[in-house]
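Subject: The three-chain model, with notes

Hello,

Here is the structure I promised to pass on to you. Please open it alongside this message, and my notes follow below.

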Amino acid sequence: MYNSDKVIVGIIIFILFFAMPFWLNFGKAKALPKPELPSDTKECVESREYMRAFHMKMLLDWRDKKVREGQVYYINSQGKFFKMSLQNTCMKCHKSMEKFCDRCHTTISAHPDCWRCHIAPEEVKKWQ
Amino acid sequence: MSKLPKPDELLSDVKLHDMPSKHWMDLKPEFKPGSYLYAVEPQVMEDLGRPHLGKWQPHDEKWPLPENWKEIVREAIKKRLERNRAFKLFMDICVRCGACADKCHFFLGTGDPKNMPVLRAELIRSIIKGEFSTFGKLFGRLSGGRPLTEDVIKEWFLYFYQCTECRRCSVFCPYGIDTAEVTIMMREILHELGIAVDWAMKPVRFSHFVGNHIGLQPHTIKENIEYLLYDIEQITGIQIEVPINRKGAEILFVTPSADFFADPGIYTFMGYVLLFHHIGLDYTISTYASEGGNFGFFNTLEFAKKLHGKIYEEAKRLKVKWILGGECGHMWRVWHQYHNTWFGPFDYLEVPKSPITGTVFEHAKDNKIVHICEFTADLIAHGKLKIDPSRNDHLVVTFHDSCNTSRAMGIFEEPRFIIKNVCNNFVEMPENTIREKTFCCGSGSGLNADEFMEMRMRGGFPRANAVEYVHKKYGVNTLACICAIDRAVLPTLMNYWVPGVEVSGVHELVGNALIMEGEKERTTDLRYRPLKGKEGEV
Amino acid sequence: MNVFFSFIITLILVLIPVVGVGLLGLDPLFGIVIPYVAFLIFFFGLIYRIIDWARSPQPFKIPTTCGQQKSLPWIKHSRLESPFTMKEVYLRMFFEVFLFRSLFRNLRADLVGKRLIYGSAKWLWLGAILFHLSFLVIMLRHLRFFIHPVPSLVDIIAKVDGFFQLGIPPIYHTDLFILAGLFLLLLRRLVDSKVNYLSHASDYFPLFLILGIVISGILMRTIFKVDVQAVKELAYGLATFSPVLPSHKIGVLFYIHLFLVSVLAAYFPFSKLVHMVGVFFSPTRNLPNNNRAERYINPWDYPVKYTTYCEWQERFRDVMEEAGIPIDDEWCKETAEAQKQA
C-alpha cells in the first residue's frame, strides 16, 4: 500500500463517520424509555396502531376543525363521540406530559409545539 | 492524401447536440482519409527494439495482430492498473456526468460522440468492465461493459490518436479525471501490440540516435545557427556568437530543436540569442542534448525518459550550474512534471540564480531548471533590459496559452508580462478560450502529420475561432505562443481559418524590441518585415 | 431502454419487501439480517476499494494546474488552483469535495453557424450540490433513530432543517432540495442529448434507487405514517448490537425504505458511487504543483538505456571535428572508469 499514512487516516475517518451510530451509543446503552400508559382504560380515541402513527395528524385535524370551523365533537371509526380537546380529552387519560408525551418525543427528537399554547397537566398542578 | 474541404464546408456535418441513433458500442470505427495517422514503418520499431506488426495500414480490413493479442492487451491493462493509480482510479470513479463532453476541441470540431472525453475513456473502461469485472460480465452493456474484439483495437487506435493530451477536460471534471493520462496509457498498450504511428515514432528514433527529432547532425545545427546569426547581423548590424558545447558555462540552454531550423521557430531562436547577448549571459547550447521537446512522451513514458536522459548527462559533462529551457509546451510538461522524478536528485547542479538580477528561482530549487519566460520576466521586472516596444507597433498581438504549460505547469502571467512590456498592442482572446480554459492547437502530442490534416483543422477550430474573433474585432495579426508545436502547426491552422494572422514566439517579440548596444537603426523586424513608419526605408 | 431497465429494477426492488414483509411476514429478515449484511458489504467493500487504490502507486506528480504557478515573488500565485504547499492542496480539496468547484466552472458550447459560443452552465453543479449536501444532512438527521439520547447537534440540524415549521411534523428543506436535485440530475440525463447518449443503465439505476428512498421517506413522514417510536426501537437495537423487532409492527412502507437503503449500501462499493471516496485519491487534484521544488519518488522507476554522450560523439566525431565543435574524450574516459568501478 502506498501513501499509507494518509490512506489510514482516511480509512479511520471513514469508519468513524459511518460507524457513528455505533460508537456514539458506546457506554450509554440502555433501554429506550417507554411512555406510561393509563392504567384505568385500554381504549383510546382510535385504535392503538392508528394513534401511535397518526396522533399528530389527528391533533392537527382537531385544531383546524375546532378553532377554524367551530366544530366540537369528533366521531371515531366506531361511531363514538369525543370532545376535540387536547387538555380535556387526551390528557384526561394520559395524565402526564412528561411521562407520556415527552418520553417518545425526546427519544426520537420530535418537537411539537402543542405546549406553547396548551398547558400541560404538570403545569396545571403547580398553579392549583 | 485526401483533399481538404474548404473552411466553409468543413463543419457542415458538425452537430453538437445531435447524437447518432445507434448505441456507441455498435458504431464501428471508420478510417476516413484525413482522420487517422499512418502506421509506423517496421524498421523504426526494429531499430528501437520494439514489437511491430510488419507492413500494414490502419485502413486495412484485417489488422495483422499477433496471435496472442488478447492476452497481451489484458496483461498490458492489468500491469498499468497495478502500477498507475491515476489510471486505475479514473477507470473506476467516472459517473458520466458529462461535464467534459463539450470541452474537447476534437468533439467541438467533429461532433463525433466518441470524441467526448467521457466516451473516449469509456472505450477502455468498457473493456475493463467487460473483461475483468463480474458485474460487467453479468450485465454487459447495461453496466457499460463489452467484450474485447479486434474492432475495439481499431477504435482505440483511431480515438486515442484523436486526443492531444491537452487536459482541458480535466479542468472541468469534478474528480479531475484526466483523459491525457488515459491516452498515455492507451498508446502504451497499443505499443505493446506493435501499433504506433509513423509521424510520432520517426522523431523518437532521430531523437534517440541523433539527439533531436528531425535528425539534425551537430555540424548542421551549427550551420543553421550561423545562418540565423547572419540574419541578425543584417537586421541589427551586430555580430553575435552562440557558444556550442562549451564546457564550464554557467547555464545550459535547451530548446526544442525546431527553433534551430523551422520557420517561425527560428525567429524565436533569434530572440533568445539577442537576449543572451544583450545581458552578456554565460551560457552554452548543446548539439548532443539538442532537443528540449520529447516525442517519446507521445508514445510511451519509457521512451520519454530515454530521450531526455541526454540533457542531464550533458549538464554534468559541461559542468554547468543550472539549465534554462526554451519555449515549448509538452516539453515543459515533461520537464516540469516528470524530470525531477526520473532524473533527480541533481546534486551536481546548483539552485538556479539569475546572474544578472541575483534572483534565486526558489520554485525550481530542486530540479534546477528554469523556464525562459520566468527568466526574462525577472529581467524585465528588474529593469535590466533596454526595450523599445514601439518596434512591435506593426503587430497587434494576442497570446495563445499552450495546453501543457497552462494545465500542467501554470505559467500564465510570465509570458503576458513579457508581451505587455515589449509590445504596445496586446489584446486577450475571449475569457473561456484562454488560460486554464485554453484550446489546443489541434495537432499536439504527435498528431501534426499531413495525412491528418482534416482532423487537425477540425481540432484546431475552437482555437482558430477565438483568434478570428479578436482578428475581426481588434485587427489582431499576431498570435504569440510559447510552444514549438504551436509554432509548427498554428500557421497552417491560421492560413486555413483566419488568413492574415501570423504566429510568433514570445521571445521573437522580445528580440524585436531589444535595444542592442552598438546596433544600427532597425528598419525591419526579425522577419524582414518593415517596422511601423519605416515602410519606405526598406 | 437503459432508463426503462433501471426503472423496472427499482420497481422490483420495491416489491420485494412488499411481498417479504407484507405477505410473508419476514420482518426479522428485512429488519435485521438484510440491513446488517448490507452495512457490512458497504463498510468492508469500501475499505477494500480504498486499499485497492492505495495498492497502486501514483508514479508521477501530475496536478492539473488551473491557475498561476508559484514562481517569481512578485507574480500573484493562485493558491487554490495551483497549490504549492500541502496546506493549499487541502484547501483545494476542500472546495473540490464540498463545493464542487471544478463543476462550477462548467460551460456550455454551441456552434452557431461558423462561430463557437460559450455560455455558463451551472445546472449540473446546482443539481449535484443540492443532491449531495442534502443527502449528507439527511444522513446526519437520521442519527436520531440510532442514538439515545439524541445528540444535541443532530437535534439542532433537524431544527434548522425544519426551520419554517411548515406542517406537523414540519417539512424538512433538505427533503425538497434532494428531490429537486435528483430530478434535475435525472432530467439532464434524459433531456441533454449528449449525456443521454453516454449514459448506461447503471447511471440511471442509482438515481431511481435514491429517488425511491427519498420518496418512501417523505411519504412516511407526511402521508402514510409509521410508528416512529417502533422505528427507533429497531434502529437503536441495530446500532447497539442487540437487535430486536419492535413490540409494535411497523408499516410496510418503512421496510421498503429500509430495503432500498440496504440495496444502495450494498451496491455502493461495486459501482460508480465509489466516487465518494475516490475523489480524495485523484492525483490531478490532491498533489501540489511544486514539482521543481520538491522531488516526487516513483516507487517502480527503473533506469533506461539512452544514447550516452560518448556513443553519440563516436558517431559524429568526424563531422564535429570538421565543424570545429569541441571533442570531449576526457569525459568518456571518466564515465568508462566510473562504470568499471560500479
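Let me start with a question: is the crossing of H1(A) and H2(C) left-handed or right-handed? The crossing is right-handed. Before I go on, please keep in mind that this is a predicted model.

**Chain A against chain C**

H1(A) packs against helix H2 of chain C, residues 27-55, with 11 Å between the axes and an angle of about 165°. The two helices, H1(A) and H2(C), are therefore roughly antiparallel to each other. If you want to display the side chains, H1(A) brings Ser4(A), Val7(A), Gly10(A), Ile11(A), Phe14(A) and Phe18(A) to the contact, and H2(C) meets them with Phe43(C), Leu46(C), Ile47(C), Ile50(C) and Ala54(C).

**Chain B against chain C**

Two pairs of chains touch, and the pair with the most contacts is B and C. Here chain B puts in 93 residues and chain C 84. Several elements of chain C give two or more residues to this side, among them strands S1 (107-112) and S2 (115-120) and helices H10 (201-222) and H14 (309-323). H14(C) gives the most, with seven residues. The chain C side holds 42 nonpolar, 24 polar and 18 charged residues.

And what about chains A and B? No contact joins chain A to chain B, and their closest C-alpha atoms are 10 Å apart.

**The sheet in chain B**

Chain B has an open sheet of four strands in the order S2-S1-S3-S4, with parallel pairing. At its edges are S2 (283-285) and S4 (369-371) of chain B, each of which pairs on one side only. Neighbouring strands of the sheet are turned by 30° against each other on average, ignoring direction. As a reminder, strands of a sheet pair through backbone hydrogen bonds, either parallel or antiparallel.

Within the sheet, you could look at strand S1 of chain B, residues 251-254, which pairs with strand S3 of chain B, residues 322-325, in the parallel sense over four bridges. One residue pair to click on is Leu252(B), whose bridge partner in S3(B) is Ile323(B). Helix H15 of chain B, residues 301-318, lies across S1, S2 and S3 of chain B and runs at about 150° to S1(B).

**Domains, chain by chain**

For chain B, the domain assignment gives domain 1 (26-196) and domain 2 (206-537). Their C-alpha centres lie 32 Å apart. Between them, 24 residues of domain 1 of chain B and 26 residues of domain 2 of chain B take part in the contact. The domain 1 side draws two or more residues from each of helices H5 (105-110), H9 (168-172) and H10 (179-193) of chain B. H5(B) has the largest share of that side, with five residues. Sorted by class, the domain 1 side of chain B has 10 nonpolar, nine polar and five charged residues.

Chain A is divided into domain 1 (43-84) and domain 2 (86-128). The C-alpha centres of these two domains of chain A are 17 Å apart. Five residues of domain 1 of chain A are in contact with four residues of domain 2 of chain A. H3 and strand S2 (81-83) of chain A are the elements that give two or more residues to the domain 1 side. That side of chain A has four nonpolar residues, one charged residue and no polar ones.

In chain C, domain 1 comes in two stretches, 2-13 and 65-252, while domain 2 covers 309-341. The C-alpha centres of the two domains of chain C lie 65 Å apart.

Happy to go through any of this together.

Best wishes

Note on methods:
Residues are numbered from 1 along each chain as its sequence is written. Chains are lettered from A and ligands numbered from 1 in the order in which they are written. This is a predicted model: local features need pLDDT of at least 70, side-chain atom pairs count only at pLDDT 80 or more; totals for chains, interfaces and linings use all residues. Domain bounds come from an automatic or database domain assignment. Two residues are in contact if their C-beta atoms, placed from the backbone, lie within 7 Å. Ala, Val, Leu, Ile, Met, Phe, Trp, Tyr, Cys and Pro count as nonpolar, Asp, Glu, Lys and Arg as charged, and the others, Gly among them, as polar. Two strands pair if DSSP finds at least two bridges between them. Axes are lines fitted to C-alpha atoms, for helices over the stretch in contact, and angles run from 0 to 180 degrees between N-to-C directions. Angles under 35 degrees count as roughly parallel, over 145 as roughly antiparallel, 65 to 115 as roughly perpendicular and the rest as oblique. A crossing is left-handed if the near helix is turned anticlockwise from the far one by less than a right angle, and right-handed if clockwise.
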